[in-house]
Amino acid sequence: KHLSSKTLSTNHATWTLVPILKKEYILPYYTFFKKNEAYIKEFLWFYRERGDYSMKHATDKIESTIQDHQNYLSNTTTTPTTLNFLISKNTTIEKKDDVIGIVGYLRMNEKNAEMGYLLDKEWQGKGIISCSVDYLMTTFIKEHIFTSYDIKLICSPKNKKSIAIAERLGFSLIEITSEEDKEKQNCIYIKTV
């Protein structure tokens, strides 16, 4: 098993998926979130409830992701519980503003996972998320999981861009959750790869 960076491109952009394996990524990750905090909170209600995103949140997230990745790579677990990649506008992450997004799997097990992604508003509309999600669903899952796998995307009904990505990549809408608080509603999409 190995996790390595992967450079991808469309006609509009070139970027690199960098596996979260180093604590040095805490500051670039934090910088990305702080820059995009208002936009993120627009569509992710749980970030609104959390309050301001702190360096402690970033540190905890990066450290737990590194531990998950290390457990997986050392064969402590057969399937990681999370598998996340920073999206870098360069081939590496050397400066705090190199990170333009994050993409990866959450709550993974042997049969399914939830996929999540965030992208800097300035970089949207270039195919970065569609191409990254497609790569992680096809090539990456086949190299690391080896079996039929259900992938879930959950997004706000207000997030038309995320809904378009799910539909473009062949996900099927299976549910729109009914919550008393309409701000907490989610569209749940699924695809088997």
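Tutor: Lys34, Glu37 and Lys41 are linked in a network of salt bridges, a salt bridge being a side-chain nitrogen of Lys or Arg within 4 Å of a carboxyl oxygen of Asp or Glu. The model is predicted, so local features need pLDDT of at least 70 and side-chain atom pairs count only at pLDDT 80 or more, while totals for chains, interfaces and linings use all residues. Residues are numbered from 1 along each chain as its sequence is written, and side-chain values use heavy atoms, with hydrogens and water left out.

Student: How far apart are the closest N and O atoms of Lys34 and Glu37?
Tutor: They are 2.9 Å apart, and for Lys41 and Glu37 the value is 3.6 Å.

Student: Which helix do Lys34 and Glu37 lie in?
Tutor: Both lie in helix H1, three residues apart, about one turn of the helix; helices are DSSP runs of H or I with at least four residues, strands are E runs of at least two, and both are numbered from the N terminus.

Student: Is Glu37 buried or exposed?
Tutor: Glu37 counts as buried because its relative accessibility is 12%, where buried means under 20% relative accessible area, exposed over 50% and partly exposed in between, with a 1.4 Å probe and protein chains only. Lys34, at 30%, counts as partly exposed.

Student: New topic: what does Glu63 form a salt bridge with?
Tutor: Its partner is Lys23, with the closest N and O atoms 3.7 Å apart. Glu63 lies in helix H3 and Lys23 in the loop between strand S2 (14-19) and H1, so the pair ties together parts that are 40 residues apart in sequence.
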